[in-house]
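User: I have a model open and a few things to check. Can we go through it?

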Amino acid sequence: MEGMTELERLLALEDIKLLKARRDRAADTKDWELYLSLHAPDHVSHNEGLPRWGSAQEMIDNVSKLMGDHRITVHHSHTPEITFETPTQAKGIWGMEDMIFDAETKELLIHGFGFYHETYEKRDGTWLFTSRQLKRTHMRLSPSLEQK
């Protein structure tokens, strides 16, 4: 990548990996303030089966309702493929697995697998998510959800 030394590239990779780790932790601990802070205000998000969200605030409003206190969630992201377009813009594909439980009954509702396709931008010295699309390769639904 022109415009970046090898050391700068490695440091940027680590920053993006930490960004992703914080996002998964914030989602599962329901730290919506932290979750929102990791995304650029103009962040665009699309998860299969849900409407496209055109801002970070719209995303957090919806995600906090979908994964609120009535759900227990577990998100794991791994094996990142991160490429730099410029010293301040990057793309990433992450393998993912998530599990969503009903908080009251502890029933496993969704067990999903797939890939997050994301973009990142370094703004004011900090890497932020600028877009995310979840593409699932497999999803197991609980029998109670399959009947709906």
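User: Is T79 buried or exposed?
Analyst: This is a predicted model. In it, T79 is exposed, with a relative accessible area of 56%.

User: Where does T79 sit, and what is its phi?
Analyst: T79 is in strand β2, residues 71-86. Its phi is positive, about 45°, although T79 is not a glycine. Most residues other than glycine have a negative phi.

User: Where is D124, and is it buried or exposed?
Analyst: D124 lies in the loop between β4 (108-123) and β5 (126-141). D124 counts as exposed, at 85% relative accessibility.

User: Back to β2. How do β2 and β3 run, and how many bridges join them?
Analyst: They run antiparallel, and 13 bridges join them. β2 and β3 form a hairpin, with two residues between the strands.

User: Which residue in β3 is the bridge partner of V74?
Analyst: M99 is the bridge partner of V74.

User: Changing topic: how many residues are in the largest nonpolar core, and which have the most contacts inside it?
Analyst: That core has 26 residues, and Y35, F84, Y120 and W127 have the most contacts inside it. At least two core residues come from each of α1 (6-29), α2 (32-37), α3 (56-66), β2, β3 (89-102), β4 and β5.

User: Which element supplies the largest share?
Analyst: α1 does, with six residues.

Terms used. Residues numbered from 1 in each chain as written. Predicted model: local features only at pLDDT ≥ 70, side-chain atom pairs only at ≥ 80, totals over all residues. Heavy atoms only, no water. Helix = DSSP H or I, 4+ residues; strand = E, 2+ residues; numbered from the N terminus. Buried < 20%, exposed > 50% of the residue type's maximum accessible area, 1.4 Å probe, protein only. Core = buried A, V, L, I, M, F, W, Y, C linked by side-chain atoms within 4.5 Å. Pairing = 2+ DSSP bridges.
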